[in-house]
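Colleague: Could you walk me through this model before I start my own notes? I'd like to begin with the overall make-up and then pick at a few details.

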Amino acid sequence: MKWPILRAFPSFSPRYLRPFLRLCAQRSALPTGKKLHALILTTGLSIPHNSFLLNTLLHLYASCGDIASAQKLFDDIPHTSKDVADWTSLMSSFSRQSRPRDALLLFAQMLENRTEIDDVAMVCLFSACAWLQDVGVGSQGHARVVKMGLEGRVKVCNALMDMYGKSGMVGDMRRVFGEMEEKNVVSWTVVLDGVLKWEGVSNGREVFDDMPCRNEVAWTIMIVGYVGNGFSKEGFLLLSQMLFHCGFKLNYITLCSLLSACAQSGDVVMGRWVHVYGLKMLGMEMDIMVETAMLDMYAKCGRVDTAIKVFKCMPRRNVVAWNAMLSGLAMHGRGRVVVEMFQRMIKEVRPDYLTFIAVLSACSHSGMIDQGSYYFDSLQSVYGITPKIDHYACMVDLLGRAGRLEEAETLINQMPIPPNEVVLGSLLGSCNSHGKLQLAEQILQKLIRMDPHNTEYHILLSNMYALAGKPDKANALRRVLKTKGIRKIPGMSSIHVDGQLHQFSAGDKSHPETQEIYIMLEDMIRRLRLAGYVPNLAAQGFPGSDGVEDAGVSLEKEQALFSHSEKLAVCFGLLRTKPGQPLYIFKNLRICHDCHAAIKIVSKIYDREIVVRDRNRFHCFKEGSCSCCDFW
């Protein structure tokens, strides 16, 4: 039945409803907007398309993030009744909901339909390109901006610079900035963000100091840049200026950004300060996003037990908080705790696809094959989640670690989507662990076609050749990289001591305390040998030996192994911290087998707990054993 509301209230018409719908859009009042939508449908007000009610409803759903409803309304509006605002509303909604490719497709449809392109459409285009780091389409958009004469629009130029900055094209970003006649604080902030990311904190600080005015965002970006790159003291100094001299306060976005930077660099000192500040300023009303970022920070800084305490104290927990906790436990190899906690989670919130990535990863790192297989099989049948490429990667990793490489290969062949680098890389890593050289050679060829400049896979296969007693092939593979001008990513290990980050690379002698570190290293190796340590020379590549293994080469290999970045960081930590104090070390690559074996013994003979975060997971060394149980 249709309500006779128009007959009862003649003044009730589309022109009176549109302002209410716009107000709902401004306040993200979707439930109220849906009731008005129902009223429009039942009264027949949507039938005269020239009333533009459908257009207003489209903007409501798009601004509230209900993409499905917005898309349906967009399709229902006749082509003659669509204006550029309808197209850009849906485009911006796609970008906000992490669907930048759909935004680009919509822009292409605009061009096909000869819809007028305005400055808002160009901003939406550049936002999507920035998300995808698509400089090709972004450059074409730049040319269109020049052709349309929109170079003077500040918002367009800001979006254009952001696209170049996020894509690593700092020169083009600076050129656009230099050509702008009018600049606002957003313009400066975009440049600051790009320079910090690609040119480092030194150049970033120059931009920051040159800014005519700074808002909270600019201060936050600069501080996060310092903290994320390990310059804790400089970050604290700038933070004090922001709070006490400029009178700014840290809102939940700033707090989350700082905590994320602490998680990245492993700076738990700054993280604790942010925690205390949040408790003092926000108290029990702390935003759930801040609490989630806090537990994520503690987990990624190696303090997973503190992360659990934060999680338990949260008054309410959404699926993001649960996922952060499960992921943190998975990184620390606590697979059984993850499975137990998952059972409690499903009673409180509905798990999503990220939840199962954490669960499957936990099962993989803990060798829980049966549980991992059960949850993978339950994805579609029990939880209605279509397995994505990341789920397949976890499952391949799980089977591969357990030595079931044939099953892993069968799973890859049965995947409904082509395998990516992560999937094949997981299988290659398993080949390395189980000595499957022939399969590794086949996988490497596929990986080279995907990314010919990735050195990690070449080095891994080279090490496999060395372990298999084929030094000629190992050195030949390394020479291929050298001939092509492809350089291996250097391993870096860092440790926070007295609020300062200290970084080491293999054979590093640039540290101010190099002499003391190498004296400590010599004594540590002596004690390791007495405890039964034997250097794993087969895994140490040494081009130039050409397969000839004499005493000189063996000695040089030993020295190269002894001065790996992890061992140098451990030595510095033993020198500069009190006896019995835990050491927390952060490695940008996977920890090598020799360092793993050596640090296990170090933890026993020096009576230290040593926590190492490598690229994949945490290793907690204590009393001569590792939390990974040598299953990594």
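Colleague: How many helices and strands does the protein chain have?

Modeller: This is a predicted model, and in it the protein chain has 33 helices and 6 strands. The radius of gyration is 28 Å, close to the 26 Å that the globule rule gives for 632 residues, so the chain is as compact as a globular protein of that length.

Colleague: And what does the C-alpha trace span along its principal axes?

Modeller: The C-alpha trace spans about 100 × 60 × 55 Å along those axes, and 49% of the 632 residues count as buried.

Colleague: On to the strands, then: what is their order in the sheet?

Modeller: The 6 strands form an open sheet in the order 2-1-3-4-5-6, and the pairing is mixed. Strand 2 (500-505) and strand 6 (625-626) stand at the edges with a single partner strand each, so one side of each has no neighbour in the sheet.

Colleague: In which sense do strand 1 and strand 3 pair?

Modeller: Strand 1 (residues 492-497) pairs with strand 3 (residues 583-587) in the antiparallel sense, over 3 bridges; in strand 3, K587 is the bridge partner of S493.

Colleague: Changing topic, why does the span of helix 33 agree with what it should be?

Modeller: Helix 33 (residues 593-605) has 13 residues, which at 1.5 Å a residue should span 18 Å, and its end C-alpha atoms are 19 Å apart, so the two agree.

Colleague: Which residues of that helix 33 are buried?

Modeller: The buried residues in helix 33 are D594, C595, H596, A598, I599, K600, V602 and S603. As background, residues three or four places apart in an α-helix point the same way, because there are 3.6 residues a turn. Just after helix 33, D607 takes a positive phi of about 50°.

Colleague: What about the surface, which residues make the nonpolar patch there?

Modeller: Y252, I253 and M289 make a nonpolar surface patch of about 300 Å².

Colleague: Last one: where does Q109 lie, and how far is its C-alpha atom from that of L447?

Modeller: Q109 belongs to helix 7 (residues 100-112) and is partly exposed, with a relative accessible area of 35%. The C-alpha atoms of Q109 and L447 are separated by 35 Å, the two residues being 338 residues apart along the chain.

Notes
Residues numbered from 1 in each chain as written. Predicted model: local features only at pLDDT ≥ 70, side-chain atom pairs only at ≥ 80, totals over all residues. Heavy atoms only, no water. Helix = DSSP H or I, 4+ residues; strand = E, 2+ residues; numbered from the N terminus. Expected span 1.5 Å × (residues − 1). Buried < 20%, exposed > 50% of the residue type's maximum accessible area, 1.4 Å probe, protein only. Patch = residues over 30% accessible without salt bridge, like charges linked within 9 Å, V, L, I, M, F, W, Y side chains within 5 Å. Areas by Shrake-Rupley, 256 points an atom, 1.4 Å probe, with all protein chains shown as cover. Salt bridge = Lys/Arg side-chain N within 4 Å of Asp/Glu carboxyl O. Pairing = 2+ DSSP bridges. Rg over C-alpha atoms; globule rule 2.2 N^0.38 Å.
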